[in-house]
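Q: I have just opened this entry and would like a short tour. Could we go through it step by step?

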Amino acid sequence: MAADGPAIAEAVGRGAAIYVCGSVQGMAPGVHAALAAILGETLLEDMLGDGRYRRDIY
């Protein structure tokens with residue numbers, strides 16, 4: 001994800017939504033950390049509130 005960070009940030013800036021599914025014990029924390037590094041925690045929290053960042057974590 002880090003290598004694609006600029007593309008992810010650009011897509012989010014244009015209104016993209018992000019959906020993450022997976023294990024809380026596996027990839028989910030790493031994906032969240034990568035997105036936080038790319039977008040910042042504040043934007044992720046805003047996206048959660050707007051329904052543009054959704055997680056199906058089990």
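Q: To begin, where does Leu 44 lie?
A: Please note that this is a predicted model. In it, Leu 44 is part of helix α3.

Q: And is Leu 44 buried or exposed?
A: Leu 44 is buried, because its relative accessible area is 0% and buried means under 20%.

Q: How many residues apart in sequence are Leu 44 and Glu 10, and how far apart in space?
A: In sequence, 34 residues separate Leu 44 from Glu 10, and their C-alpha atoms are 14 Å apart in space.

Q: Let us stay with Glu 10. Which side chain does Glu 10 meet in a salt bridge?
A: The partner of Glu 10 is Arg 14, with a distance of 2.9 Å from N to O. In general, side chains of opposite charge can pair when their charged atoms come close.

Q: How accessible are the two partners, Glu 10 and Arg 14?
A: Glu 10 counts as partly exposed, at 48% relative accessibility. Arg 14 has a relative accessible area of 63% and is therefore exposed, since exposed means over 50%.

Q: How many salt bridges does the structure hold?
A: The structure holds 1 salt bridge.

Q: Changing topic: which residues form the negative surface patch?
A: Glu 41, Glu 45, Asp 46 and Asp 50 form that patch.

Q: Where is Glu 45 found, then?
A: Glu 45 belongs to helix α3, which covers residues 41–50. With 47% relative accessibility, Glu 45 counts as partly exposed.

Q: What about Gly 40: where is that one found?
A: Gly 40 sits in the loop between α2 (28–39) and α3. Its relative accessible area is 23%, so Gly 40 is partly exposed.

Q: How far is Gly 40 from Ala 16?
A: The two are 24 residues apart in sequence, and the distance in space is 15 Å from C-alpha to C-alpha.

Q: Now the whole protein. How many helices and strands are there?
A: The protein has 3 helices and 2 strands. Starting at the N terminus, the elements follow the order α-β-α-α-β.

Q: How compact is the protein?
A: Its radius of gyration is 11 Å, close to the 10 Å given by the globule rule for 58 residues, so the protein is as compact as a globular protein of that length. Along the principal axes, the C-alpha atoms fill a box of roughly 30 × 25 × 15 Å.

Q: What share of the residues counts as buried?
A: Of the 58 residues, 26% count as buried.

Key
Residues numbered from 1 in each chain as written. Predicted model: local features only at pLDDT ≥ 70, side-chain atom pairs only at ≥ 80, totals over all residues. Heavy atoms only, no water. Patch = residues over 30% accessible without salt bridge, like charges linked within 9 Å, V, L, I, M, F, W, Y side chains within 5 Å. Areas by Shrake-Rupley, 256 points an atom, 1.4 Å probe, with all protein chains shown as cover. Salt bridge = Lys/Arg side-chain N within 4 Å of Asp/Glu carboxyl O. Lys, Arg positive; Asp, Glu negative; His and termini not counted. Charge placed at Lys NZ, Arg CZ, Asp CG, Glu CD. Helix = DSSP H or I, 4+ residues; strand = E, 2+ residues; numbered from the N terminus. Buried < 20%, exposed > 50% of the residue type's maximum accessible area, 1.4 Å probe, protein only. Rg over C-alpha atoms; globule rule 2.2 N^0.38 Å.
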